[in-house]
Amino acid sequence: MISQFFVLSQRGDNIVFRDYRSEVAKGSAEIFFRKVKFWKEDGQEEAPPVFNVDGVNYFHVKVVGLLFVATTRVNVSPSLVLELLQRIARVIKDYLGVLSEDSLRKNFVLVYELLDEVIDFGYVQTTSTEVLKSYVFNEPIVVDAARLQPLGPAAIFMQGTKRMPGTAVTKSVVANEPGGRKREEIFVDIIEKISVTFSSSGYILTSEIDGTIQMKSYLSGNPEIRLALNEDLSIGRGGGSIYDYRSSSGSGAVILDDCNFHESVRLDSFDMDRTLALVPPDGEFPVMNYRMTQEFKPPFRINCLIEEAGRLKAEVIIKVRAEFPSNITANTVVVQMPLPKYTTRASFELEPGAVGQRTDFKEANKKLEWGLKKIVGGSEHTLRAKLTFSLESHANITKEAGPVSMTFTIPMYNVSRLQVKYLQIAKKSSSYNPYRWVRYVTQTNSYVARIFFLFSLV
């Protein structure tokens, strides 16, 4: 049961506010933003997604720089409310095309109409774009996406000579294009978030993939679609490695631990030929979610060494090697490493000729940060950092330094090798040939490497 829902900008401006039950004070948005902005409890940099202030439970998610917030005084499931906030953001984006402060302000009438249909007196009614089309009839005011910062997924697919259209994720599912025509196209995104932990020797300790096949349809008339996956796809652990080291290309069966499908998916022939049949609803939705915990080849290898360099000094060496093909490029790579609290200074040394790299010592939270604009497959990069300490305590370094963490995005690449073999659309006529886009992306959930320490015992 939700008492209030509101959307705040990064500056704390209240863009949307709806009070469903009048149980929480009107100043809750200001209280929330003040608490989030100055969150210092337990040394955390950001406020947790759920917290309580004066008996009011606050739930929030951040979507493209906007804070979607719900409040309630009753004890409700946090995961339910957080999922609701994500779905509200998705529904609004489906209708507006672009999710931004400008688009919300220009379409406030449509947004409030959507909120009143999604939630009634604090109780959720529906979050389906398909269902909402029967009740919401306002046309969105189109906002020019060219002026917006590329925060959405469109930016991560712009790689290689064949570029995906930039308007792919900025079109409304209800508004027609100029001239009343609608471009017939469908987008299928295979998005994988990976979690890997490396030992100090470089061996893989844990590895997991959380993947989803997302679909967004702009097809008129909702034709039936058949989507074929790998024929050698297996569901359930068979006890073997999914990465076949006998072949340099890593060929072998794709084995998923478990998976689930959207309610619109029919599995009549899935067991026989791994084909999914569905009539896609309007808006963006997950066709299939899957999880994989068996061994796979990680896209990056990380090695980190801390070596004594004097009485109050130490040297850190971090090496990152890209294990994917040279025609693939990773974007927005950031490597971070916590340092001992008595670290007073850090100086950095990059490789000769290094381009598009930045280094920083964040003194407030004692953290080393190394940013790389892009990394080409097969390349290796090294960072050397010289640390200066305020006291001699090598024993504590092993407790306070590290581990090294890494975040990145790799367009048109997935580590599980799950593939869409073909995307078949039921033809209305012989001339009907809509555009089909299949895109892959790998992102990090948790990518961590432990540190190898090298200190003298004297």
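1. Which residue of β15 is the bridge partner of L227? The partner of L227 is L276, in a model that is predicted, so that local features need pLDDT of at least 70, side-chain atom pairs count only at pLDDT 80 or more, and totals for chains, interfaces and linings use all residues. Residues are numbered from 1 along each chain as its sequence is written, and side-chain values use heavy atoms, with hydrogens and water left out.

2. Strand β15 covers residues 275-278, strands here being DSSP runs of E with at least two residues and helices runs of H or I with at least four, both numbered from the N terminus. Strand β10 (residues 225-229) pairs with β15 in the antiparallel sense over 4 bridges, where pairing requires that DSSP finds at least two bridges between the strands. Strand β14 (residues 265-266) also runs antiparallel to β15, joined by 2 bridges, and V265 stands opposite L278.

3. In a regular strand the side chains alternate between the two faces of the sheet. In β15, T275 and A277 point one way while L276 and L278 point the other way, and all are buried, that is, under 20% relative accessible area with a 1.4 Å probe and protein chains only.

4. An open sheet of 5 strands has the order β2-β1-β5-β4-β3, with antiparallel pairing. Because β2 (14-19) and β3 (50-53) stand at the edges with a single partner strand each, one side of each is left without a neighbour in the sheet. From one strand to the next the twist averages 20 degrees. Strand β3 is joined by 4 bridges to the antiparallel strand β4 (residues 56-63), and V50 stands opposite F59 in β4.

5. Helix α1 (residues 28-37) packs on this sheet, touching β1, β2, β3, β4 and β5, and its direction makes about 55 degrees with that of β1; contact means heavy atoms within 4.5 Å. Helix α2 (residues 78-96) packs on the sheet as well, touching β1, β3, β4 and β5, with its direction at about 40 degrees to that of β4. Axes are lines fitted to C-alpha atoms, for helices over the stretch in contact, and angles run from 0 to 180 degrees between N-to-C directions.

6. The largest nonpolar core has 70 residues, and L229, F300, I318 and M337 have the most contacts inside it; such a core is a set of buried Ala, Val, Leu, Ile, Met, Phe, Trp, Tyr and Cys residues joined through side-chain atoms within 4.5 Å. Strand β8 (residues 185-198) gives the most to this core, with 6 residues.

Definitions and conventions:
Buried means under 20% relative accessible area, exposed over 50%, partly exposed in between (1.4 Å probe, protein chains only).
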